[in-house]
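I opened this notebook to record what I looked up in one structure.

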Amino acid sequence: MDDFYREFILDHYKRPRNFGTLENPDVTHEEDNPLCGDRIRIDLCLNEDRVADVRFTGEGCAISTAAASILTEKIKGAPLERVKAFSMEEMLEALGVPLSPIRLKCGLLALKVLKTGLYGLKHWPGEEE
Amino acid sequence: MTTPGSTTTAKVRKDLAAGFDVAKARQDFPILREKVQGKPLVYFDNAATSQKPQVVIDTVHEFLATYNSNIHRGVHQLSERGTEAYEQSRKKVQRFINAAESREVIFVRGTTEAINLVANSYGRQHIRAGDEIVISAMEHHSNIVPWQILCEQTGAVLRVMPISDAGEMLIDKYEKLLTSRTRLVAVVHVSNALGTINPVHEIIRLARRQGVPVLVDGAQAVPHLKVDVHELDCDFYAFSGHKVFGPTGIGVLYGKAELLEAMPPYQGGGDMIKSVSFEKTVYNDLPYKFEAGTPHIAGVIGLGAAIDYVNGVGLDRIATYEHGLLEYATEALSAIPSIRIIGTAEEKVSLISFVLDGVHAHDVGTILDHDGVAIRAGHHCTMPLMQRFGVPATARASLAFYNTKEEIDVLVRAIHKAIEMFG
Ligand SMILES: Cc1ncc(COP(=O)(O)O)c(C=O)c1O
């Protein structure tokens with residue numbers, strides 16, 4: 001378990017990076033995980049084809065909050081193409097903790113919000129709803 | 001006299017004085033010998049589903065292994081035995097809840113289906129545009145959504161009785177909601193998220209005065225208290241077998257015979273008819289009118305065994321023992337500074353919902369799981385209630401009569417671990 005709640009995760013949970021909202025975001029999207037009530041919103045400002053700035057807010061467990069915090073660090077300043085290609089596997093690797101199927105939803109909520117926001121999708125590809 | 005050892009002995013003596021031997025009861029439940037993460041299982045998720053005593057497992061096994069058959073149709077030996085056991089279970093349920101007649105006991109999938117049956121059958125027959133249905137702020141989604149669907153279909157309106165900060169129904173507010181437009185009241189007997197035992201007796205009495213029928217969601221009441229539908233004078237009472245030590249997939253709708261008789265069928269098919277022709281179909285009598293198709297025979301027979309088992313232990317003894325657990329757990333948890341207990345009603349079953357400062361309920365759940373403690377973390381299918389208390393989710397420890405004070409100590413230690421980790 002000390003594996004699970006590693007210092008790294010707890011640090012991102014207690015001191016989330018890029019926490020807050022943006023004034024005039026080009027993209028803003030919010031979703032919740034209906035199973036547990038976790039909620040994440042991500043705001044993006046784009047500059048040409050890069051993510052100029054990013055913020056997130058919401059409430060959630062250590063895993064979903066840390067994942068959002070880590071994700072914003074990864075994509076800040078990155079080319080849009082790179083952000084669009086950012087995969088589930090990369091997200092899980094960045095978290096670096098083994099997630100049970102139920103907690104997987106927590107670990108991937110932020111990425112889902114980011115992708116659905118970017119593509120203006122209703123649902124995430126491959127997710128049955 | 002003040003050593004921890006002797007305190008425990010004193011506790012045990014007190015429990016025995018109540019005529020209840022928890023060590024013996026635990027032996028009836030094979031799952032309690034399981035280990036989780038290498039630690040003894042501490043099962044505190046009884047409100048989600050209860051564990052099954054060996055006798056229930058054996059009874060279901062015996063049916064499937066030695067007289068599995070369809071009921072109400074075969075003329076052969078096995079079918080006669082199966083039918084007999086199935087109908088015996090109905091009589092057991094009847095006595096268990098003190099229904100006047102066994103035909104008032106309808107077997108359904110669970111509480112959810114029982115409520116949907118009433119909403120679809122009674123509801124569509126009696127409820128019109130502008131009519132009102134009264135529920136409370138602490139209902140499970142299964143006692144909200146069927147009524148919302150009905151309201152959408154008919155143009156009726158849902159009214160919600162508010163609750164206090166302690167998690168108690170506000171009866172004076174409820175009285176004001178009862179008007180000439182009220183057609184039905186549907187309330188939870190015991191809250192699955194707060195543990196509150198609601199004054200359903202009073203709620204029914206007030207509705208009765210206005211001639212309004214009442215449905216009671218008894219999913220969380222039946223495992224903890226003696227339920228007497230005759231004394232309550234409720235019109236419908238719903239519960240699930242799996243929460244009262246029986247199998248999943250089987251539940252009960254009790255309804256007053258005169259109401260059930262006047263209601264149209266809920267589903268059509270085999271068993272619910274007397275005769276079928278393409279011109280006219282004659283529906284069967286109660287209870288079969290509401291039991292279309294082959295039922296969950298193994299489940300019904302298993303539920304009968306569960307009821308026998310509970311009767312053997314005795315609900316009075318269960319209630320007394322569990323009250324001791326509740327007091328012990330409430331005191332131990334209240335002593336933790338960063339904890340907030342959600343649901344502090346005067347009358348409660350052995351269930352405690354809580355939030356920890358700075359630790360999300362999910363994380364509490366995961367950390368506890370590592371110590372073998374199974375609790376529920378989430379909104380408990382009561383999202384409007386979570387909103388009422390301004391929390392997205394709670395952690396919930398729900399105890400049964402096979403739980404112990406020692407297990408509560410394990411829970412408390414694990415909570416301290418969570419606080420330390422997140423501190
Ligand atoms: C108060 C209450 N009502 C209804 C239900 C629904 O029961 P079931 O899922 O067995 O149909 C539950 C189960 O969680 C409950 O606790």
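**Entry: conventions.** I worked from a predicted model, in which local features need pLDDT of at least 70 and side-chain atom pairs count only at pLDDT 80 or more, while totals for chains, interfaces and linings use all residues. Residues are numbered from 1 along each chain as its sequence is written, chains are lettered from A and ligands numbered from 1 in the order in which they are written, and side-chain values use heavy atoms, with hydrogens and water left out.

**Entry: ligand shell.** I listed the residues near the ligand, that is, with a heavy atom within 4 Å of it. There are 13 residues around the ligand, and B:Thr112, B:Asp217, B:Gln220, B:Ser240 and B:Lys243 come nearest. I then sorted the shell by class and noted 2 nonpolar, 9 polar and 2 charged residues. In this scheme Ala, Val, Leu, Ile, Met, Phe, Trp, Tyr, Cys and Pro count as nonpolar, Asp, Glu, Lys and Arg as charged, and the others, Gly among them, as polar.

**Entry: ligand oxygen atoms.** I looked up distances from side-chain N or O atoms to oxygen atoms of the ligand. For B:Thr112 the distance is 2.5 Å. A polar side-chain atom of B:Gln220 is 2.7 Å from a ligand oxygen, and the side chain of B:Lys243 has an N or O atom 2.7 Å from a ligand oxygen. The ligand on its own has 390 Å² of accessible area, of which the protein covers 85% (Shrake-Rupley method, 1.4 Å probe).

**Entry: salt bridges.** I searched the whole structure and found 32 salt bridges over all chains (a side-chain nitrogen of Lys or Arg within 4 Å of a carboxyl oxygen of Asp or Glu). A:Asp43 is buried at 0% relative accessibility, whereas A:Arg41 is partly exposed at 25% (buried is under 20%, exposed over 50%, partly exposed in between, with a 1.4 Å probe and protein chains only).

B:Asp233 lies in the loop between α9 (229-232) and β9 (236-240), and B:Lys256 in the loop between β10 (251-255) and α10 (257-262), so the pair ties together parts that are 23 residues apart in sequence. Helices (H or I, at least four residues) and strands (E, at least two) are DSSP runs, numbered from the N terminus. B:Asp233 is partly exposed at 29% relative accessibility, and B:Lys256 is buried at 14%.

Terms used:
A polar contact is a pair of N or O atoms within 3.5 Å; within protein, one must be able to donate a hydrogen and the other to accept it, and residues adjacent in sequence count only if both atoms are side-chain atoms.
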